[in-house]
Amino acid sequence: MTTKKFLYVNRKAPYGTIYALESLEVVLIGAAFEQDVSVAFLDDGVFQLTKGQDTGGIGVKNFSPTFRALGDYDVTKLYVERESLEERGLTEADLQEVTYEDEDDDWAEKPSIRIISRAEMADVMADQDVVLSF
Amino acid sequence: MKFGVVVSEGPYTHQAADSAYLFVKAALEAGHEVPRVFFYHDGVNVATRLSVPPQDERNIQENWTALAKEHELDLVVCIAAAQRRGMLDENEAKRQGKDADNIADGFRISGLGQLIEMGIQTDRLVTFGD
Amino acid sequence: MSTLHTVNKSPFATQALLSCLNHCKDGDAVLMIEDGVYGGMAGSGLSEIVAEKGKSVALFVLSPDMTARGIDASRLIAGVEGTDYAGFVDLVAKHDRTQNWL
């Protein structure tokens, strides 16, 4: 089967709308197709990755732990835009840790989240075959 | 050229389903192929055959059904999104023990894999949503 | 290699247009559709930003959406071009990928 570069673009915060959750569901299903997958988080999408989410009081499932499972699905490139973090008063320390085991490097544990600049994000976007936005 | 189209917002509240319909029509008229249209998020609600818009308004579902018939379009409704929102075909209604189904002619319910497959098999992917 | 970007939100309601313009590459095209067409209007607080970007990317509005909203083509920012659905299809075909700023 052809391998294409797929980018999933997340620009919306979690819980207020369903887009973040249903985006994650696409990423998980898409992993089975063994494409070259990247996931982008910019604008309010960066809020999806914050740590300490606790949805006990709103009656909605907390899906943030699922991001930590992405490595097991070979989804290892989570691009987070630095400017989007800064505009929202966030730093990398506010984000949960997401790692994967690199099979090409003796299964060394490596971070999946890559903080990149807006210009680098534009480069990532321009390097894709298929861009799916949520 | 092959175009894949995603509709990710519901009918009437949002213009997405109308825009997507006009885009698909124009693409077909220009000689392109549209192998599949994938309905996701609230876009699955486009497929209900139970909507009854006023006589002087367009019927979004009927427009899609007619277009699908004319051009043998594959209109796929995401099963996970559909189940959340009460969109069931006959088989699914039976399987879930529900007393009714509501999917219109020309639409079929299937998995999210159909979205990824559409991305792999088409030359361009265009999403209409919110 | 270039991208067609679509924006369907009023720039006065969300940051979609600004974010799109901030991620465009020279030679890309931006098509404003649905409520996005308000981003193509001259004389607003955002017109200068949009016009400036128009020097490096091609800017379009979907004419049927503009007409529906009572916007005359004379109100568009200089350099912003109207197109119909057939033109929309051509833009998708012409650029290597489409990115929709929802």
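# Close-up views of a predicted three-chain model

**View 1. The contact between chain A and chain B.** In this predicted model, 16 residues of chain A are in contact with 12 residues of chain B. On the side of chain A that touches chain B, α1 (19-30) and β7 (130-133) of chain A each supply at least two residues, and α1(A) gives the most, with six residues. Sorted by class, this side of chain A holds nine nonpolar, four polar and three charged residues.

**View 2. Phe6(A) and its surroundings.** Phe6(A) belongs to strand β1 of chain A, which covers residues 5-10. With 25 C-beta neighbours inside 10 Å, where 20 or more are needed, Phe6(A) counts as buried. Leaving aside residues up to four places away in sequence, Phe6(A) touches Gly30(A), Gln35(A), Asp36(A), Val37(A), Val130(A) and Leu132(A), and it also touches Gly119(B) of chain B. Phe6(A) and Val39(A), although 33 residues apart in sequence, are 8.3 Å apart in space when taken from C-alpha to C-alpha.

**View 3. Glu34(A), a residue with positive phi.** Most residues other than glycine have a negative phi. Glu34(A) is not a glycine, and yet its phi is positive, at about 50°. The residue sits in the loop between α1 and β2 (36-41) of chain A. Glu34(A) has 10 other C-beta atoms within 10 Å and is exposed, the cut-off for that class being 12 or fewer.

**View 4. Glu72(B), a positive phi in chain B.** In chain B, Glu72(B) is a residue other than glycine whose phi takes a positive value near 50°. Its place is the loop between α2 and β3 (75-78) of chain B. Glu72(B) counts as exposed, with 8 C-beta neighbours inside 10 Å.

**View 5. The packing of helices α1 and α2 in chain B.** Helix α1 (residues 16-29) and helix α2 (residues 60-71) of chain B have axes that come within 11 Å and cross at roughly 20°. Angles under 35 degrees count as roughly parallel, and α1(B) and α2(B) are therefore roughly parallel to each other. The crossing in which α1(B) passes α2(B) is left-handed. From α1(B), the residues Ala17(B), Asp18(B), Tyr21(B), Val24(B), Lys25(B) and Leu28(B) take part, and they meet Ile60(B), Asn63(B), Trp64(B), Leu67(B) and His71(B) from α2(B). Taken by class, the contact of α1(B) with α2(B) comprises seven nonpolar, two polar and two charged residues.

**View 6. The fold of chain B as a whole.** Chain B contains five helices and five strands, and along the sequence these elements follow the pattern β-α-β-α-β-α-α-β-α-β. The radius of gyration of chain B is 14 Å, close to the 14 Å that the globule rule gives for 130 residues, so chain B is as compact as a globular protein of that length. Taken along the principal axes, the C-alpha atoms of chain B fill a box of roughly 45 × 35 × 30 Å. Of the 130 residues in chain B, 49% count as buried. Among the contacts in chain B with a separation of 6 or more, 76% are accounted for by residues 24 or more positions apart.

**View 7. The contact between chain C and chain B.** Here the contact takes 11 residues from chain C and 16 residues from chain B. On the side of chain C that touches chain B, α4 (85-94) and β5 of chain C each supply at least two residues, and α4(C) gives the most, with six residues. The residues on this side of chain C divide into eight nonpolar, two polar and one charged.

**View 8. Helix α1 of chain C and the elements that cover it.** Helix α1 of chain C, which runs over residues 16-23, is mostly covered, with six of its eight residues buried. The buried residues of α1(C) are Ala16(C), Leu17(C), Ser19(C), Cys20(C), Leu21(C) and His23(C). Within chain C, the buried residues of α1(C) pack against β1 (3-7), β2 (29-32), α2 (47-53) and β5 (97-101), and they also pack against α3 (118-125) of chain A.

Technical notes. Residues numbered from 1 in each chain as written. Chains lettered and ligands numbered in written order. Predicted model: local features only at pLDDT ≥ 70, side-chain atom pairs only at ≥ 80, totals over all residues. Contact = placed C-beta atoms within 7 Å. Helix = DSSP H or I, 4+ residues; strand = E, 2+ residues; numbered from the N terminus. Nonpolar A, V, L, I, M, F, W, Y, C, P; charged D, E, K, R; others polar. Axes fitted to C-alpha atoms, helices over the stretch in contact; angles between N-to-C directions. Parallel < 35°, antiparallel > 145°, perpendicular 65-115°, else oblique. Left-handed = near helix turned anticlockwise from the far one by under 90°. Rg over C-alpha atoms; globule rule 2.2 N^0.38 Å.
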